[in-house]
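Please look over the sequence and the model below before reading on.

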Amino acid sequence: MKTFGVFMLSLLLIFLLTGCTEEIKPEDVLESYITYWEQGDYEQMYGLISESSQAVTTKDEFVQRYRTIYEGIDMSDLEVAAVYNDDEEEENSESAVQSFPYQMKMGTVAGPIDVEGTVKMTKNKETNEWKVTWTPSLLFPSMTGEDKVIVRTIKADRGEIYDRNGQKLAKNGSIEELGLVPGQMGEEKERTITELAERLSVTKSFIHDKLAAPWVEDDLFVPIVNVTKDREDLDFSDLQGVTKRQKNARVYPYGESVAHLVGYIREVSAEDIEENPDKKLKAGDTIGKAGLEQIYEERLRGQNGVQISIVKANGQHKETLAKNDPVHGEDVHLTIDARLQHLIYQSLDGDAGSGAAIHPRTGEILALVSSPAYDPNAFIQGLSTEQWTTWNEDPKKPLMNRFTSLYAPGSVFKPITAAIGIELGVSAADELRTIDGLRWSKDESWGNYYVKRVKDVPVETLTDAIMYSDNIYLAQEAMEIGAEAFTREAETFGFGLELPIAYPFPQASLSNEGITSDILLADSAYGQGQVQMTPLHLALAYTPFINRGELIKPVLELAQDVEPVSEAWGKIIDSETADTVNNMLLEVVENPEGTGHGATIEGHRIAGKTGTAELKRSKEEEGQENGWFVMYDAEQEDLLVTVMIEDVQHRGGSAYVLRKTAAVVREYFNAQ
C-alpha cells in the first residue's frame, strides 16, 4: 500500500466521521479507491462508485466480477498509479466531471500485464461528493459492455520418441471419437441411445450422463467413446445423431512390440495431482505411466503456455492481455532399431519370454523385448474393464516386463566360467579331462547330489565342453578355481553393477549371500545355483569376447549429430583369453556337432551358445525349463542377440529358442 494512499484514506475517513464540510478533492477519493483496489477490498471500492454506476451493477455482481477475473488469471502484485496535473486541476476546479489517466501493472499466470487507462470522476451536485464513474474499462481499459476475460491454456506438444533410423515409437497423432449431436437425434433419441449402448457394450446411463454435462448444447458434438480396434467395424449409419471426429492423441505405431520399453501415457488421477504439485497438473492432463514415457516424463512433457484475452459476448477475440508461449517437449532419440525389435517380438509369437539385442562394439541397445505384451494404444483409446481383466488374469502375464526380470541363465553362462579358468591358468582351450558317464559328484560329502550332462564324451577338451554344453567339465573347472577366485573374477563381468542407462534394471547377481559350498560353486559354473541375469546383462557379458577383453557399457539414447563411440567399463580379461572364448563360440555354431549348429547363416560367421535353465527342487523331478540362445556375427561384429523363452521342456529345449532367434537374425541380415 502506498504511503500517500494510506494518508489520504485516513484523511477521508476523518472527514466522513467528523462531518467536516470542507470539500474532498476528486484526487483524494480516487486515491482511496486505488488503495482499496490494490488491497482487493472490492466491497469498499463499490462504496466509492457513482450512483449511476451502482444502478447498473449490484454490489454482489461488482465484487464477484473482480474476484472471478482476478482469481482466474492468478493476479498478483497489483499496482495502480494515477497521474495528476496541477494546471489542469485549477482549470477544472469548477467542473463536475474530471478524468485522470492511470497506469495499472500486475503479475498473472500468463506473465505481466501493463496497461494504461483513464478513470472519470463525477461530482454529485446535491452532496458535492466525488465518486468514480465505473465502467468495465476499469477492469481492463479496452473492456466494454459484456466483454469477458478468458484464460486459455496453450498445450505444449509432447516430445516424440524415435528409434535410431528416425522411426517414431511414440508420436503425436490422432484417433477417432464416436459421439452424438443431440439436436440431430430428433424423435429417435431414445432408440439411438438404446441401440448405441448395446453395440458399444456400455450402459444407457453412461450415455445419458455424457449428454447431461452442463456444457452440452443441441448443435455440439458430445464424445461418447474412442474408436478402439474392436469397434472399428461396427456400423452406426442407421442411428440418427451418431457421428465420428478426429481427436489428437498419443499413438504407438509399433504397438505391443515396444509396449514395455516405451510404455504409455494416461490422464492424471487425483493422486497424481496431489503428489506432483510442482508439475501444476490439472484434470484432463496426461502423464507418462510406464516405460520411457514415465522415465523421460520431465523431458517429454514440455510446459504449457497461457493466454489471457478479452473476448466479446459472442466469443469473438478482442485483445490479448498477456501470453506465455508453450515450451514444447523434447524429442528423445533412442539406439533402438524398431524393425529388429518388431522381428524379435513377432518371432516369440505369444511365448512367454524376452530378448535383448546390442551392437557389441559400441554398447548401443538395438532391442529390448518382452512377450507377451499389451497394446499401449488401448490406454489412449479407452481401456475397457474386460480388456484389463483379461490381461490381469492371463497366466502368461502380458503386463509383466520380462526384459527387466532376472532369470537363471543356465548354460549360456559357461563361456564366463571358461574365460575365468583360462585367465587364471587353471584350464586351456585344448585341456583334456576324462569324464566317465552322465553323472558326477565330487565325493561322498555331496550325498545324493550330482551334476549331470547330456552327452557321454569320455575325454574332451574345454572347447568340446562348450561345444557340447557339458555341465560336468565346467563344474570340475570351477572346483579347481575355487569359490573366492571364481566369485572375484565372475563379478568383473558386471555382476552387482548398476547399468548406466535411464531405464531401470535390477543388478545381476552370482549368489544371495556368497558361494558358501562346493555344490553351489559347481552349479554356478554352468549358470544354475543362484545366478541371476537379465537378457541385456547377458548380452553385455559377452562383449569382452568380441572386444578383446573389454566389457562395454550399454547405451540407450542416441546422441544427436554425434556418432556413438565405444565406451568400455574396462578391460576385464586378456585379449588372448577373449579370442580363445570367441573361437569356442564359433565352434558351437560352425561344428556340425555343436549345439548351436542350426544358427548358421550363409555369408556370415556366427558364434553362439545355447542354454537351458532348470527350475525344479530336485534332479529327478520334472519341472519348468527356460531356454536361452545367444548369437552374434563374429566378423561384422555389429549385432549380438540374446533370447530367453520360458517353459521349453516339451518344445525342444534351447533348440526351440535357437530356431526362432536364428530366423530373426537371418531376416534382419537379408533386409540390410
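Which residues does V630 touch, not counting residues up to four places away in sequence? V630 touches V412, L538, Y542, A607, G608, K609, L640, V641 and T642, where contact means heavy atoms within 4.5 Å. This is a predicted model, in which local features need pLDDT of at least 70 and side-chain atom pairs count only at pLDDT 80 or more, whereas totals for chains, interfaces and linings use all residues. Residues are numbered from 1 along each chain as its sequence is written, and side-chain values use heavy atoms, with hydrogens and water left out.

V630 lies in strand 24, residues 624-633, and is buried, with a relative accessible area of 0%; buried means under 20% relative accessible area, exposed over 50%, and partly exposed in between, for a 1.4 Å probe and protein chains only. One of its contacts, K609, is 21 residues away in sequence, yet the two C-alpha atoms are 5.2 Å apart in space. Leaving aside residues up to four places away in sequence, N582 touches F545, Y632 and A634.

Taken as a whole, the protein has 24 helices and 25 strands, which are DSSP runs numbered from the N terminus (H or I of at least four residues for helices, E of at least two for strands). Its radius of gyration is 38 Å, while a compact globule of 672 residues would have one near 26 Å; the value is taken over C-alpha atoms, and the globule rule is 2.2 Å times the number of residues to the power 0.38. Along the principal axes, the C-alpha atoms fill a box of roughly 125 × 65 × 50 Å. Buried residues account for 51% of the 672 residues, and of the contacts between residues at least 6 apart in sequence, 68% join residues at least 24 apart.

Two packed helices are described by the angle between their axes and the distance between the axes. The axes of helix 18 (residues 471-481) and helix 20 (residues 518-525) come within 8 Å and cross at roughly 130 degrees, the axes being lines fitted to C-alpha atoms, for helices over the stretch in contact, with angles from 0 to 180 degrees between N-to-C directions. That angle makes helix 18 oblique to helix 20, since angles under 35 degrees count as roughly parallel, over 145 as roughly antiparallel, 65 to 115 as roughly perpendicular and the rest as oblique. The contact is made by L474, A475, A478 and M479 of helix 18 together with D518, L521, A522 and A525 of helix 20. By class, this contact has 7 nonpolar, no polar and 1 charged residues, with Ala, Val, Leu, Ile, Met, Phe, Trp, Tyr, Cys and Pro counted as nonpolar, Asp, Glu, Lys and Arg as charged, and the others, Gly among them, as polar.

Helix 20 is mostly covered, with 6 of its 8 residues buried, namely L520, L521, A522, D523, S524 and A525. These buried residues pack against helix 16 (414-423), strand 19 (451-452), helix 18 and helix 19 (483-491). Just after helix 20, G527 takes a positive phi of about 80 degrees.

In another pair, the axes of helix 7 (residues 189-200) and helix 8 (residues 204-211) come within 8 Å and cross at roughly 125 degrees, which makes helix 7 oblique to helix 8.
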